[in-house]
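Please look over the model below before reading my notes. They start with the whole chain and end with one residue.

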Amino acid sequence: MDELKEELGKYRCEESRINNLNELYVDCSQSNIEPIAVLLKNQYKLKFIAEFCMDTGKEDKFKISIVFTNSKESYFVILTYTTVDILVSMQNTFSQAHLFEREISDLFGLSIDGGSDVRHSVKHEIWDAKAFPLRKGFPYKGKIKENHEIPNYEFKRIVGNDAFQIPVGPIHAGIIEPGHFRFSVIGEDIENLEIRLNYKHRGIEKIAENIDANKLNLLFERVACESTLAYGEAYALLIEKMLNFKVSREIQSLRVALLELERLYNFLQDVSGICVDVGFSYPAKKLSYIAEIIKQLIERVTGSRYARNSIVPMGSNIDFSQENKRNILDTLGGIRNRIKLIADVTLESFTFLDRVENTGIVKNNIAKKLMMTGVVGRASGVDYDVRKSFPYEIYGDIKKTNNIEHIGGVFERYKLKIAEIDDAFKFIEMALSNIDNEIKKNRPIIELEKGMEAISIVETAKGELMVYGKMGENNKFDRIYFKTPSFTNWKGLTIAVLDEIVPDFPLCNKSFNMSYSENDR
């Protein structure tokens, strides 16, 4: 990282500094931001993972940050530049850059300079065109006026005598969250799929700027309910990184045990859902029932089915006894073999395999281009897991390899979710073996200084979650930014369904199982 810092100095950058041991911040100008980004990609092989904006609150100026990672050496590079109204497009360099740029444009009111896709992303037709909710001037708790000032969204069209479109959503048959799926088909074959999301902008990042740091974990946990613990962990790591604070090994181990319980019920629900979508009801019901057993276990241990308000910075917000430890080990001991037997039933079923093998494939080069992370990335041969590349808590000691598949289809995603379930059992046992004494509830007061900033990164059941935070006044953040795994992974689903038949869409969709609420921030 020091070598890179020296190299970037040749580009007349205004300032560069290393924070928190693994974050290199480089202040650039608008004119040299693109060549430096290209240099980091091509010469240093760094991975682009996010781009976000911050309203400086001074002279109508905005600061744009572009985040890169070196996952082999576990560090971040954050390129920044200041602008008044123009966002320098990186769409020619990074294929997913348009997602970040369109979000910034909608929330801050900046124009995208040079981008091929400048359609609205967060703003839907009903919005007030002049509403930019992440600007400092937009009032906290302010509502978007329904002025219907945004032009209609332009979907890609397939032309031909037998071509037609199937619009689905945003209202769905079930009680899932809102999202619109626009299929272009010829016969039953899917020729194109566009997904439109962000129907419920909740203002999470705006709210985060108005809550004391001592209560902010509660908001983090509500970004995506099924990843409550992972988001709470991201907040704890963010604060502890700013303060250079390390919790005891027993608390680290307790956090890992809880995080793996969360992963366990998520993946059980996922594989159950895949079985539902091929009409294989026996394993679906059994695995769903076992996922419920895990949630009830979490409630017995933490007082909440989703373990809310359990992981907090610099301590633990729950008492954890040896009785809790036995409860976890006894419960898991009673279901581990049952899960394996049920999974074996599916893997030995010809009709099941006929539906999932060679279905919904995303090839490795496409997965990399789309920045796919988590199980859906690893199913396509992307050898990356935050727990191994940026190890936190005790993962550096217990996670030695990543589970990888290469074909990139529904079956590979299914097999990897089963492998992650098996890993969760092992990691929970290893973590609990480190806890020999009772852990007492202890929640220290958080006091942060203005100007502190840091990046934390966590592996959720969906993939890589990155959070940036910079402190403002009165122990409140000036900016919190979430780069969620679903934000970029959704695009992978549009590739997976190409040339598949429409009835296979639910199966492909469930094998991804992305979150709507992670976009509806």
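Here are my numbered points on this structure.

1. This is a predicted model, in which local features need pLDDT of at least 70 and side-chain atom pairs count only at pLDDT 80 or more, while totals for chains, interfaces and linings use all residues. Numbering starts from 1 along each chain as its sequence is written, and side-chain values use heavy atoms, with hydrogens and water left out.

2. The protein chain has 17 helices and 15 strands. Both are DSSP runs, numbered from the N terminus: helices are H or I with at least four residues, strands are E with at least two.

3. The C-alpha atoms fill a box of roughly 70 × 60 × 45 Å along the principal axes.

4. Of the 521 residues, 58% are buried. Buried means under 20% relative accessible area (1.4 Å probe, protein chains only).

5. Residues 24 or more positions apart account for 67% of them.

6. Where does Ser380 lie? Ser380 sits in the loop between helix H12 (374-378) and helix H13 (386-389). Ser380 is buried, with a relative accessible area of 1%. Its side chain reaches the backbone oxygen of Val362 at 2.7 Å. Leaving aside neighbours within four places in sequence, Ser380 is in contact with residues including Val362, Lys363, Glu405 and His406.

How values were computed. Buried means under 20% relative accessible area, exposed over 50%, partly exposed in between (1.4 Å probe, protein chains only). Contact means heavy atoms within 4.5 Å. A polar contact is a pair of N or O atoms within 3.5 Å; within protein, one must be able to donate a hydrogen and the other to accept it, and residues adjacent in sequence count only if both atoms are side-chain atoms.
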